[in-house]
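Visitor: Hi, could you walk me through this structure?
Guide: Happy to; here it is.

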Amino acid sequence: MLTRQKINASVSPKGSLETLSQREVQQLRETGSGSVYALFRQCALAILNTGSHSDNAKTILEAYPDFEVKIHQQDRGIRLELINAPADAFVDGEMIASTREMLFSALRDIVYTQSELENKRVDVDSSSGLTDYVFHLLRNARTLRAGAEPRMVVCWGGHSISTEEYKYTKKVGHELGLRALDVCTGCGPGVMKGPMKGATISHAKQRIVGARYLGLTEPGIIAAEAPNPIVNELVILPDIEKRLEAFVRIGHGIIIFPGGAGTAEEFLYLLGILMHPDNAELPFPLVLTGPKSAEPYLQQLHDFIGATLGSEAQNRYVLIPNDPAEVARHMAAGIKAVKQFRRERTDAFHFNWLLKIDESFQRPFEPTHEAMASLNLTRNQPVHELAANLRRAFSGIVAGNVKAHGIQLIEEHGPYELRGEKAIMQPLDRLLQAFVEQHRMKLPGGSAYVPCYRVVS
């Protein structure tokens, strides 16, 4: 079992939640004793646990069974009392600044999300209402910067990658930073850290002040992938679907690095959206890249897309192996096209309202054994719907790999079963087997991977 030194401490907010009304303070205190306390405790523990090499939410929670966080009212707002917290989050008794910022960002997002739902200000019955909800969550987090030039590059990829692949992501991030581009990731380790680390150096070289390192996560992921300390803006969305929509609404282009099931889920999500007929003319730069050693992986993923979704899906991205500078040049040029397109249509730079996202990509998917077994993994449906169902399959595998609830379901009922037609299931099985062989399902150096799924054709 994971064990580390513990500490008791009291911290006040800096950077968020500094100016609060009495009603807001009361709301926070109610949160600290109500039904969402367990959620905030889990997210707080993950943030304080930054630097851990575990990717198992259950393991992290079990390592600190006596961790508590209490919310106290004071004249200037609120104060958090932490009991039996990870000592690594402190230096000489003072909490590390980035950790403190992210801790209160988590409290801000969880309270706001709960407030919106309780006051029924969210229209969850329509696609436009769900998009509006994502917009309000991002605006409340002060993530949307009206009038700012488009330069947010989203980087997707695995938390379980080789040293060479990690170094490659830093090189790409460095090239992005030299071109004054900001970086948005899932905020954890691996690919979610490398591009930010590379960009910090090049931003310093270019004397860029106020560079943005935006991390978007959700409660089910954050405990398994604690935020990396470079993140200077953290937003916790309510679920994976809101998180994914936030990525594509706020990003001006996306780079896909090597990864595992989670990366495949994100890739399929985006391709399914871009293949919707309403998005045919919408520019959205998308690059699939990795170092020379990852070329077989890139080809496997490219071949899987061709075998399941066809050449039309392959035409929505470019494959640029082992060339960080070219990746950054392509992305910078693509973002210029995005800027021109939005100007011509008077669309906002800070939120992609014109992007059509079908409701099937917005509804939360609960990966129960029954839901996974009943996924429609056949060609007898529009191609963007097949992409949506393949995305759900990978979402369930992610849950079974790293999310506490998913791990518990697998322990109780055995592996998920995925069923479908042979032409879909064979390429899927080959891709998943490659992920296992290349150690892309768990963090390097951990225990051997035991599949949480079984492919049946």
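**A chat about the model**

Guide: Helices H15 (residues 383-402) and H17 (residues 422-437) pack at an angle of about 35°, their axes 13 Å apart. Helices here are DSSP runs (H or I, at least four residues), as strands are (E, at least two), numbered from the N terminus. This is a predicted model: local features need pLDDT of at least 70, side-chain atom pairs count only at pLDDT 80 or more, and totals for chains, interfaces and linings use all residues. Residues are numbered from 1 along each chain as its sequence is written, and side-chain values use heavy atoms, with hydrogens and water left out.

Visitor: Which residues of H15 and H17 make the contact?
Guide: With contact meaning heavy atoms within 4.5 Å, H15 brings Leu386, Leu390, Phe394 and Ile397, and H17 brings Ile424, Leu428, Leu431, Leu432 and Phe435. By class, that is nine nonpolar, no polar and no charged residues.

Visitor: New topic: is Glu233 buried or exposed?
Guide: Glu233 counts as buried because its relative accessibility is 12%; buried means under 20% relative accessible area, exposed over 50%, partly exposed in between (1.4 Å probe, protein chains only).

Visitor: And where is Glu233 placed?
Guide: In strand S9, residues 233-236.

Visitor: What does the side chain of Glu233 make a polar contact with?
Guide: The side chain of Arg212, at 2.7 Å. A polar contact is a pair of N or O atoms within 3.5 Å; within protein, one must be able to donate a hydrogen and the other to accept it, and residues adjacent in sequence count only if both atoms are side-chain atoms.

Visitor: How many residues of H9 are buried?
Guide: Eleven of the eleven in H9 (residues 240-250).

Notes
Axes are lines fitted to C-alpha atoms, for helices over the stretch in contact, and angles run from 0 to 180 degrees between N-to-C directions. Ala, Val, Leu, Ile, Met, Phe, Trp, Tyr, Cys and Pro count as nonpolar, Asp, Glu, Lys and Arg as charged, and the others, Gly among them, as polar.
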